[in-house]
Amino acid sequence: MKHLLETRRAITEPERNVILQLFEGIAAAEGWEPEDQLQAHVARSTYFGIWDEERLVGGLQLVSPDEGGEFPSHLVWPELPLIEKGTPILHAAVLAVLPEYRGEEGSAAFWGLGSALWRYCIQQGVKAIWLEATPKMLRCYRLLGWPLEVIGELRVHWGEPCYPCRLVMREVAGSLAERALTSITYRTIIDTMLLSTPAPKA
C-alpha cells in the first residue's frame with residue numbers, strides 16, 4: 001500500500017545535523033568530492049528533509065550569498081556575477097535523495113523536495129536559484145519540466161563535470177502548469193506545490 005512522504009524544514013540544530021549526515025553519506029557513496037563545502041555554509045543555509053515514515057530519505061540545502069555577494073558556485077566559476085545585497089536569489093547547494101528513492105518509480109522524494117523549494121522561494125520572495133548540474137542531470141531536470149539556464153562553462157565541481165545553472169521560479173510554475181494540462185501526474189505535483197500536501201510515494 002502506498003504511503004506518504006513528508007517534507008519538513010529543519011528548525012533545530014539536531015534536525016539540521018541529521019540532514020548533513022545524510023548528505024555526507026550520499027557524497028561518499030556517489031564519489032563526490034565536496035571537501036569542506038557541506039559544512040562551510042551552515043550559518044547562512046536553510047535545510048529541508050523528506051521522510052519515509054521515520055527514515056530520512058532526502059534533503060535540500062539553500063544557501064544565501066555571503067557579505068561579498070558570493071555563492072559557493074564562485075569557488076569554481078569566479079567570473080560569474082556577484083549577487084548584490086537584497087537580490088532575491090538563493091543557491092541550491094545540495095538536492096539529494098537515497099538511491100532507492102530515485103528514478104521514475106521513486107520520483108516522489110525529488111518532487112517533495114522540489115515542491116518545498118518552490119514554496120519556500122515564493123513565500124520568501126525569491127525570484128531565482130542557482131545550482132550545479134552534470135550534463136546528465138541537466139537533461140533530466142529539463143525533461144522533468146525544470147527550465148534550467150546554463151550560465152557558465154562545464155568545469156569540475158565536487159569531482160564531477162558540471163554546469164552552473166539558473167532556475168527562475170516563475171518559469172518553473174509555467175512549465176509544470178503546461179504539463180499539468182495533459183498529465184495527471186503533473187496535476188498532482190502542482191497540487192503538492194500549492195497546497196503543501198505530502199508527496200505520495202510511488
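Glu35 counts as exposed, at 77% relative accessibility, where buried means under 20% relative accessible area, exposed over 50% and partly exposed in between, computed with a 1.4 Å probe on protein chains only. The model is a predicted one, so local features need pLDDT of at least 70 and side-chain atom pairs count only at pLDDT 80 or more, while totals for chains, interfaces and linings use all residues. Residues are numbered from 1 along each chain as its sequence is written, and side-chain values use heavy atoms, with hydrogens and water left out.

Glu35 sits in the loop between α1 (13–30) and α2; helices (H or I, at least four residues) and strands (E, at least two) are DSSP runs numbered from the N terminus. Although Glu35 is not a glycine, its phi is positive, about 55°. Most residues other than glycine have a negative phi. Glu53 likewise is not a glycine and has a positive phi of about 55°; Glu53 lies in the loop between β2 (45–52) and β3 (55–63) and is exposed, with a relative accessible area of 60%.

Leu38 is buried because its relative accessible area is 6%. Its contacts, apart from neighbours within four places in sequence, are Leu20, Phe23, Glu24, Ala27, Tyr47, Gln61, Val94 and Trp158, contact meaning heavy atoms within 4.5 Å. Tyr101 is 63 residues from Leu38 along the chain, and the two C-alpha atoms are separated by 21 Å.

The second largest pocket has a volume of about 230 Å³, and among its 19 lining residues Pro34, Gln37, Leu75, His157 and Trp158 are the closest to its centre. On a 1 Å grid over the protein atoms alone, a pocket is an open set of points with protein on both sides within 12 Å along at least five of seven lines, a cavity is a set where a 1.4 Å probe fits but cannot get out, and lining residues have an atom within 4 Å of a point. Grid points are joined across faces, edges and corners, and the volume is the space filled by probe spheres set on the points. The elements α2 (37–40), β4 (89–97) and β7 (155–157) each supply at least two residues of this pocket's lining, with β4 giving the most, 3 residues. By class the lining has 9 nonpolar, 6 polar and 4 charged residues, where Ala, Val, Leu, Ile, Met, Phe, Trp, Tyr, Cys and Pro count as nonpolar, Asp, Glu, Lys and Arg as charged, and the others, Gly among them, as polar.

His157, one of the residues closest to the pocket centre, is placed in strand β7 and is buried because its relative accessibility is 10%. Residues up to four places away in sequence aside, His157 touches Val76, Trp77, Glu132 and Cys162.

The whole structure has 0 disulfides, a disulfide being a pair of cysteine sulfur atoms within 2.5 Å. Cys165 is buried, at 0% relative accessible area, and so is Cys121, also at 0%. Cys165 is among the contacts of Val150, as are Leu138, Arg142, Tyr163 and Pro164, again not counting residues up to four places away in sequence. Val150 belongs to strand β6 (residues 149–150) and is partly exposed, at 32% relative accessibility.

Because 14 of its 17 residues are buried, α3 is largely enclosed by the rest of the structure.
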